[in-house]
Amino acid sequence: MSSKSGILQAFAITIMAATAPAAYAQTASIKIAVPVEPANIDGCNTTVNGINLIVKENIVETLTVLDPNDSKVLPRLATKWEDTGNGVWRVTLRDGVTFHDGKPLNADAVVKAVERMQSTGVTCLDRTKIANVKLTAKSIDDKTLELKADPAQVLMPVFLSFIGVVGPDTSPTQLSRAPVGTGPYQFVSWNADGVQLKRNDGYWGKKPEVENATFVFRGESALRAAMVKTGEADIAYSISPQDADDPKMDKAFLNGETTRIRFIMQPPLDDIRIRQALNLGFDRGALVGTVFSDEVVPATQFILPKINGYNPDLKVWPYDPKQAMKLVQEAKTAGVPVDRPIRLIGRTNFFPNQGEALQAIQQMWQQIGLNVKIEMMESAEWLKLVNKPYPAERSAMMIQEMHDNNNGDAAFTMYFRYHSKGQQSEMNNPQVDGLIDKAMAETGAQRTKDFQEANRIIATDVIPAVPMYHMVSQMRVGPRVNYMPNALSTVQFELSDITMTKK
Amino acid sequence: MGSYLSKRAVWSGISLFLLVVMVFFMARLTGSPADLYLPIDAPNSMREEFARLHGFDQPVLVQFFTFLRGLVMLDFGESLRQNRPALALVLEAMPTTLLLAFYSIAIALIVAVVTGALAAWRPNSIFDRIATLLSLIGASLPNFWIAIVGVLVFAVGLEWLPTSGTGSVAQWILPVAVLAIRPCGLIVQIARSSMISVLSAAYVKTARAKGAKSRRIIFVHALRNAMLPVITVAGDQAAGIINGAVIVETIFGFPGIGKLMIDSITYRDFAVIQAGVMVTAIAIFMLNVVIDIAYAILDPRIRMN
Amino acid sequence: MSDNKIMPDGAILDVANLSVEFHARNTVTKAVRDVSWSIRSGETLAILGESGSGKSVSASAVMGLIDSPPGFVTGGTIHYRSRDLLGMAAEERRAISGKKIAMIFQDPLSHLNPVYPIGWQIAEVMRIHGMEAGDARRRALDLLERVGIPNAAARAGSYPHEFSGGQRQRVMIAMAIALKPDLLIADEPTTALDVTVQAQILRLLRQLQKEESMALLLITHDLGVVAEIADRMIVMKDGEVVETGDVAEVYRNPRHAYTRQLLAAVPGQEPFRPEVERSEVLIKATALKKTYLLSSNAPPLNAMDNVSFELRKGETLGIVGESGSGKTTLAKTLLRLNIPDSGSVTYRGKDIFSLKGDDLFDYRRRLQVVFQDPTASLNPRMSIFDIISEPWAIHKGVKPKQEWAAAVRDLLTQVGLKPEHAKRYPHQFSGGQRQRIAIARALALKPEVILCDEAVSALDVSVQAQVIALLKDLQEKLGLSYIFIAHDLPLVRDFADRVIVMRKGQIVEQGFTSAIFTAPADPYTRELIAASPEPDPAVHRSRTQPAANMEAHA
């Protein structure tokens, strides 16, 4: 090199270095305020609230993902999957993918991740999604592996969306606080200022706009909202309705949760007239837009319309207090102890304004002549009531519940809630049991039909609960960024979907 | 002094131990916390596995002896939530809370003592009435409300201060101010009434007879004698903050001991609860020693007994 | 206000037509009314009066210590060397306080700041008036020695609570004379002290006054003290000056009726009681011992050391001792509030410490008590009726309830109060009246013995005389026996039949009153008698100084 070009080079470098700070100021760095600091950010906990939004599809990717609108299974790290019979599926992996530590994505790595997820050395909570199933993985070649499910699983493609592929060097005995994955963002640090991620420039997919993302933890909703207002944060993840007072920045979206009030079938709730009356006497419309956001949708069943098995023919219970009172009277004349106090159990900190909601509902039920008393419990006590084995003495009570099914299929709800062997089920109905067992082994239209029929019987003949609403979350998005939350945003918050506004 | 401290240490050590034992058993009485850590649809096999992993399937007494063994080596076990040593979690959180407590009480004390002393000098004057009114308001307002209003006014409205976080000095201003308001209000009241009673003491008359100016009378003669009840109240308030300025820590995102304890209790994270109780109790013990020393410095009659 | 006044001959302080008022919620009290007096350089002027006379308020006005509100100087002038103190700016006045005019107070413990060493407090007055800290400290040590505190250098760093009452007053005196003031105001300087200590302090004041040619304004209620050291005196009553003059003259020829009343009320003027041997023994104390262990370092305190005596029916037994003598412990033991370490007390032959049940109740009825402080011994929330009838409520069966009202009326009349007073409350009565109520209460159960624990010590002189007269009267009428505990001898001189003198837990002498006073055997008894200021100026002129072995330990 001649000295002249050397000087030119040095000059160029100096210019670049001088302008670098200015350029840095324009890098796309965003801050997201979230409510709860997670206990860990391990890639085998991608289904856990608080961990999923940081990890899932940002740092650690799963083999498949679901479409937010119709729950269709889409490829992610796996490009092809086929059922080869006997519960075995052959899965083909994507080419040209590396982990953040430089190791390549191959079948061995996936096998290791699957084994880790199921091992008892670490408490991987993603395992609960494949609870009573044993998965064994075997490498066939560098990019192909076989996954065997025992018992055989019709929904294997959905199962693939629960398997977070963590780097092969991830500790098999400790949950990670510095995860290594294949995602568009890699972990930088976790300190008192929050969790820092930076863009993975070796990512196999489309390069996202956001370069640096920091998650900060603020328990108080009003504060998260204020941070976006002052510009200290760009997105306030989940704020309560009363703090969502800025129509320009606040976005409401169905979050996949459905609320209901479960009946414990003790007198007088064991009489179907009372259960009908409770549904008829609840003015669902009154709470929409007042206690709850006006985007909530009154529910007919415990799953959302996008879930396979949803019965679209079911109608929302009308508000008919006269009919309700009539039913109560009938039951009373027939000797049902309608005056007996019924406990309405609420769980603290379930969702915003739940206290007010419960009180409003209780008053509506007082008006139709039933003696309902509210009892608030904190999570540990509430959990004892809702899971089998149930406590021996349970008096007449109704328990507030919220359930989310973002996995595309009714199987993830129906068995646990309605099958006589289900862990949160109050029912013992052979017809429903039969339909559920049948549907779970089927595929295609028959599966859908059977689930729909089960739902119909449950909603009209059994009436095990008072369905409430498909719930809505609110997110505040500041002017620096663009982001539209979708139905999966509460369980999968993809930073790559965030773009910077053009100046 | 040495024997006094060692006697205190022995007695406090015994109380500490009994406290930790009590918390141990009380917490275990709530049963296995597996339900809190596993998703609701986790099968029973997972719950049993969780219980086994963490020793909750053993009889309580066996768990207790395991705990005692670990205690000797200051090993409180691992946090259920984070799989890290519980003591480490607590020791990470403690300095934040201690600093918050220190700054708030220090500021509250200085402001309140001066205000109370000046108010006592001219009781029922305009200054006194305003000071009393403000102190009563300060002592009655709930922390939570002050914090939120503070954020809305100073951070969102005026944009003078940041909303939250721990990094810079500016971020500490609001939380310390919020924490200082209630103690300040209470201490103004105590300082004022203590000063009023001291200012009517006979030795103040002597000082006046000696020709002392009012500043000397207030700050040299009266103040030291009035400080004893003030120190008691300040110490009590400091203990309260150490125990957990939960609300302030939650709102402003300060990873302190209050927030850690509330979360641990909600999640039945036994190891952290125990470690937290122990460390907090030790902090309070030290605080009491400091208060005792302050008493002795202030009043020679106490020193000599 | 007028400055440059011509001071009446030689006077350094001239008070002219001074009036001071105090405003309470609804009432205005005229504490000082149109009072005039002056004091010359080097002389000792005493202001004599009882409580409520306005004597302390006058002194406070001179020092500028009256808090307004609630007090207001409503008229008059106070000229110090031709300048009116009342018209001065605050700063000017402060320059005089402590430097030119100094003051010492009644209770030195409460008047010294407990948290600062005494050396510092003495040096402070000098520092306030401009002296360098180092110089002030050195001078403070000199002063401590001058006022008789031994080992001054070591003790300058000690705190007020580490000294005795007398030593504390010496410290206050040191503080007051530090800057060589022209005038020292002493407000009841010895009232809170033991008799022997009082004598020492008065001597010290006299000495200092002569050496520094300082004027001394002495405020007191004690005629003996006035006689001992004052040159001139004024007598105040209800805020007014009723008499002025040379001390000797006033004592010889009192002009005002009140002065005469005061002089007549001095205790111990009547003849001794006859020496009668009475037969019936009521209380017999034998070899009582009680020791207190204060702390691991200090030697044990002998509160009672081999105390033996008898009380016979119909007599008044006086027990005299200074602080620390054990008389209080003895009183508590007789009342069974204290259990002695060894020794016994019998009442009519029965050991009082083994009494139980009905017998114990009976003992309590027979031995009643009147305490020193009439304010503290009456429950402010109980009406007089409740207070006097309470013994019958406790000792059920003695008097049926229907008879209470009449009995209370009787008792009130007996003690010189009116029957309608039964509806009122203690705060509505004066100190002397409250003590009468306490006596009425003591009489309610028709006791045999009344223990008077310093029962008149907190009362004004004239009131004292009345209460003692009442006690004597009741003794005659009801055949009572008294144990009369006092801290100085003159009180018991004409009231007690026999006297016990106690010192440091031991009985140093006991016998008939006349014998004790006329021919005291024990040197301590002689010391006590000598130390009690005689209310006769002539006596003081002629009496020799007490023995020089009274050091400043006290």
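How many residue pairs are in polar contact between chain B and chain C? The count is 13, with both residues at pLDDT 80 or more; a polar contact here is a pair of N or O atoms within 3.5 Å, one able to donate a hydrogen and the other to accept it, and residues adjacent in sequence count only if both atoms are side-chain atoms. This is a predicted model, where local features need pLDDT of at least 70, side-chain atom pairs count only at pLDDT 80 or more, and totals for chains, interfaces and linings use all residues. Residues are numbered from 1 along each chain as its sequence is written, chains are lettered from A in the order in which they are written, and side-chain values use heavy atoms, leaving out hydrogens and water.

Let's stay with B and C. Here 21 residues of chain B touch 30 of chain C (contact means heavy atoms within 4.5 Å). The two chains bury about 2300 Å² between them, 58% of it on carbon and sulfur atoms; that's accessible area lost on being put together, with a 1.4 Å probe, summed over both. On the chain B side, B:R208, B:A209 and B:K210 lose the most, together 27% of what that side buries. B:R208 also forms a salt bridge with C:D67, their closest N and O atoms 3.0 Å apart (a Lys or Arg side-chain nitrogen within 4 Å of an Asp or Glu carboxyl oxygen).

Now look inside chain C, which is divided into domain 1 (98–230 + 524–554) and domain 2 (282–521), with bounds from an automatic or database domain assignment. Their centres, taken over C-alpha atoms, are 34 Å apart. Across this domain interface, the rule finds zero salt bridges.
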